[in-house]
Amino acid sequence: METLLLADNLSASEQVAKWYFDEWLSKLSDVSIDDVIAQTTKYTSRIGAPMIVLAKSDNELAGAAQLKIREMDIRPEYEHWIGGVYVRANTRGKGIGSILVREVINRAKEAGISKLYLQTESLSGGMYLRHGFKPIEKVNYKGYDVLVMVAELRA
């Protein structure tokens, strides 16, 4: 298992965009796959956001996660977010999601980010509790019940 940045593997942009579109965005009538590809290709920072971290297993893309800025428009005061944590279906259950979360946390720390937020449809907090995230609130955001969480990062 290895992690790398989208910035160093731009050819992965379309695959990551397709994962995101199929998993979360295809239900939205105002978003096309081309829109998602265009957005994904902007996540090429090497330090700080916007960044996509990729996971490779057996030399194939296995997952991705984002370091984002202001994910929820209803919480503009929450600046840095982890989002788009996606693991390819046939590689799930192998800890890849945790590897991606840890890598985004480490890169956020390197960038001097002190708080990292996320939203999850897993209202129990799921794996994020194991990575130091604490629940802040449950909200209905864009038609989905989500749990907003925060982690205080230490360098």
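The following legends describe close-up views of a predicted model.

**View 1. Helix H3 and the elements that cover it.** Helix H3 spans residues 96-110 and contains 15 residues. The distance from its first C-alpha to its last is 21 Å, close to the 21 Å expected at 1.5 Å a residue. Its buried residues are Ile96, Gly97, Ser98, Leu100, Val101, Glu103, Val104, Ile105, Arg107 and Ala108. The cover over these buried residues includes strands E1 (2-5), E2 (51-57), E3 (60-69), E4 (80-87) and E5 (115-120). After H3 comes Gly112, with a positive phi near 80 degrees.

**View 2. Helix H1, whose ends lie only 16 Å apart.** Helix H1 (residues 13-25) has 13 residues, and a straight helix would reach 18 Å at 1.5 Å a residue. The buried residues of H1 are Ser13, Val16, Ala17, Trp19, Tyr20 and Phe21. Helix H2 (33-40) and strands E2, E3 and E4 are among the elements that cover them.

**View 3. The largest nonpolar core.** This core has 27 residues, and those with the most contacts inside it are Ile82, Val101, Leu116, Tyr128 and Phe133. At least two of its residues come from each of E2, E3, E4, H3, E5 and strand E7 (144-152). Helix H3 gives the most, with six residues. Apart from this core lies another, of 15 residues, including Leu4, Val16, Ala17 and Tyr86. In soluble globular proteins, nonpolar side chains tend to be buried together.

**View 4. Tyr128 and its surroundings.** Beyond its neighbours within four places in sequence, Tyr128 is in contact with Val85, Val101, Leu118, Thr120, Phe133 and Met149. Tyr128 is buried because its relative accessibility, 12%, is under 20%. Phe133 is likewise buried, at 2% relative accessibility.

**View 5. Aromatic rings around helix H1.** The model has seven aromatic pairs. One of them joins Tyr20 and Trp24, with 5.6 Å from centre to centre and 50 degrees between the planes, and is tilted. Both residues lie in helix H1, four residues apart, about one turn of the helix. An α-helix has 3.6 residues a turn, so residues three or four places apart point the same way. Tyr20 is buried, with a relative accessible area of 5%, whereas Trp24 is partly exposed, at 32%. Ring pairs link Trp19, Tyr20, Trp24 and Tyr86 into a cluster. Over the ring of Tyr86 sits the charged end of Arg92, 5.3 Å from the ring centre.

Methods: Residues are numbered from 1 along each chain as its sequence is written. This is a predicted model: local features need pLDDT of at least 70, side-chain atom pairs count only at pLDDT 80 or more; totals for chains, interfaces and linings use all residues. Side-chain values use heavy atoms; hydrogens and water are left out. The expected span of a helix is 1.5 Å times one less than its number of residues. Buried means under 20% relative accessible area, exposed over 50%, partly exposed in between (1.4 Å probe, protein chains only). Contact means heavy atoms within 4.5 Å. A nonpolar core is a set of buried Ala, Val, Leu, Ile, Met, Phe, Trp, Tyr and Cys residues joined through side-chain atoms within 4.5 Å. Rings of Phe, Tyr and Trp (its six-membered ring) pair if their centres lie within 6.5 Å; planes under 30 degrees apart count as stacked, over 60 as edge-to-face and the rest as tilted. A charge sits over a ring if NZ of Lys or CZ of Arg is within 6 Å of the ring centre and within 35 degrees of the ring normal.
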